[in-house]
Amino acid sequence: MPYPPPPRVPPGPRRRTLLASAAGGALLAGCSSAPGSGDDGPSATQRARARAARDSRVLLARYDAVLAAHPGLAERLRPLRAQVAEHAVAFTDGTAPTASATAGASPDPVPAGEKDAVAGLAAAERALADQRAKDLLEVPGELARLLASVAAAGAAHAYLLTEGAR
């Protein structure tokens, strides 16, 4: 007795496989944060950039407070202050700072002694450089390079402020 011929199976994926794939793709597409998906919040990169700009402005306000309280330090601090101002501009990168980023940047009280005021600036520079070194691991390419560069500059500022006091 001859065997019946095997049923003809069309080549390629089956209809069920295609339908399941299409349904899964639709679900995944609905969960994405692509433009136009309804997620209007800032990206992680934009938030990191805004935070870095805000931190630079707070440090800049601290330099200004020390310079106002101790005008005799102007020759020593102005070049460092100018670089911190450039850092704030670099992080802003043509975007308008938000109201929350510019408000409430009141620095700590300035110590009465020049040596203590400079030590406070050095500590602030060091802490911010350390924070930026950690933050650069969480952001992509160009912003990571900018954070690394500014963190290195902050570490150099802390060194100059510390060594100059000796």
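At what angle do H2 and helix H5 pack, and how far apart are their axes? I took this up first, working from a predicted model.

**Entry 1: H2 and H5**

I read an angle of about 175 degrees for H2 and helix H5 (residues 114-135), with the axes 10 Å apart. That angle makes H2 roughly antiparallel to H5, because anything over 145 degrees counts as such. By class, I noted eight nonpolar, two polar and six charged residues in this contact. On the H2 side I listed Arg51, Ala52, Asp55, Ser56, Leu59, Arg62, Tyr63 and Val66. Their partners in H5 are Ala117, Gly120, Leu121, Ala124, Glu125, Leu128, Arg132 and Asp135.

**Entry 2: the whole chain**

I then stepped back to the protein as a whole. I found six helices and zero strands, so the order from the N terminus on reads α-α-α-α-α-α. The protein has 166 residues, and 27% of them count as buried. I also looked up how far along the sequence the contacts reach. Among contacts between residues at least 6 apart in sequence, 80% join residues at least 24 apart.

**Entry 3: H2 and H3**

Next I looked at helix H2 (residues 44-69) against helix H3 (residues 74-92). Their axes come within 8 Å and cross at roughly 160 degrees. H2 and H3 are therefore roughly antiparallel to each other. I recorded the crossing as left-handed. The contact of H2 with H3 has 15 nonpolar, three polar and four charged residues. From H2, the residues that meet H3 include Arg49, Ala53, Arg57, Leu60, Asp64 and Leu67. From H3, the residues that meet H2 include Leu77, Leu80, Arg81, Val84, His87, Phe91 and Thr92.

I noticed that some H2 residues are listed in both contacts. Ala52, Ser56, Leu59, Tyr63 and Val66 are among those that meet H3, and they are also among those that meet H5.

Arginine 81 itself is in helix H3, and it counts as partly exposed at 25% relative accessibility.

A polar atom of its side chain lies 2.7 Å from the backbone oxygen of alanine 88.

**Entry 4: threonine 45**

I went back to helix H2 for threonine 45. Threonine 45 is partly exposed, with a relative accessible area of 28%. Not counting residues up to four places away in sequence, it touches Pro140 and Leu143. Threonine 45 and proline 140 are 95 residues apart in sequence, yet 7.4 Å apart in space, C-alpha to C-alpha.

**Entry 5: alanine 156**

Last, I looked up alanine 156 in helix H6 (residues 141-164). Its relative accessible area is 36%, so I put it down as partly exposed. I compared its position with that of glutamate 125. Alanine 156 and glutamate 125 are 31 residues apart in sequence and 8.8 Å apart in space, C-alpha to C-alpha. Glutamate 125 had already come up in Entry 1, among the H5 residues that meet H2.

Technical notes
Residues are numbered from 1 along each chain as its sequence is written. This is a predicted model: local features need pLDDT of at least 70, side-chain atom pairs count only at pLDDT 80 or more; totals for chains, interfaces and linings use all residues. Side-chain values use heavy atoms; hydrogens and water are left out. Axes are lines fitted to C-alpha atoms, for helices over the stretch in contact, and angles run from 0 to 180 degrees between N-to-C directions. Helices (H or I, at least four residues) and strands (E, at least two) are DSSP runs, numbered from the N terminus. Angles under 35 degrees count as roughly parallel, over 145 as roughly antiparallel, 65 to 115 as roughly perpendicular and the rest as oblique. A crossing is left-handed if the near helix is turned anticlockwise from the far one by less than a right angle, and right-handed if clockwise. Contact means heavy atoms within 4.5 Å. Ala, Val, Leu, Ile, Met, Phe, Trp, Tyr, Cys and Pro count as nonpolar, Asp, Glu, Lys and Arg as charged, and the others, Gly among them, as polar. Buried means under 20% relative accessible area, exposed over 50%, partly exposed in between (1.4 Å probe, protein chains only). A polar contact is a pair of N or O atoms within 3.5 Å; within protein, one must be able to donate a hydrogen and the other to accept it, and residues adjacent in sequence count only if both atoms are side-chain atoms.
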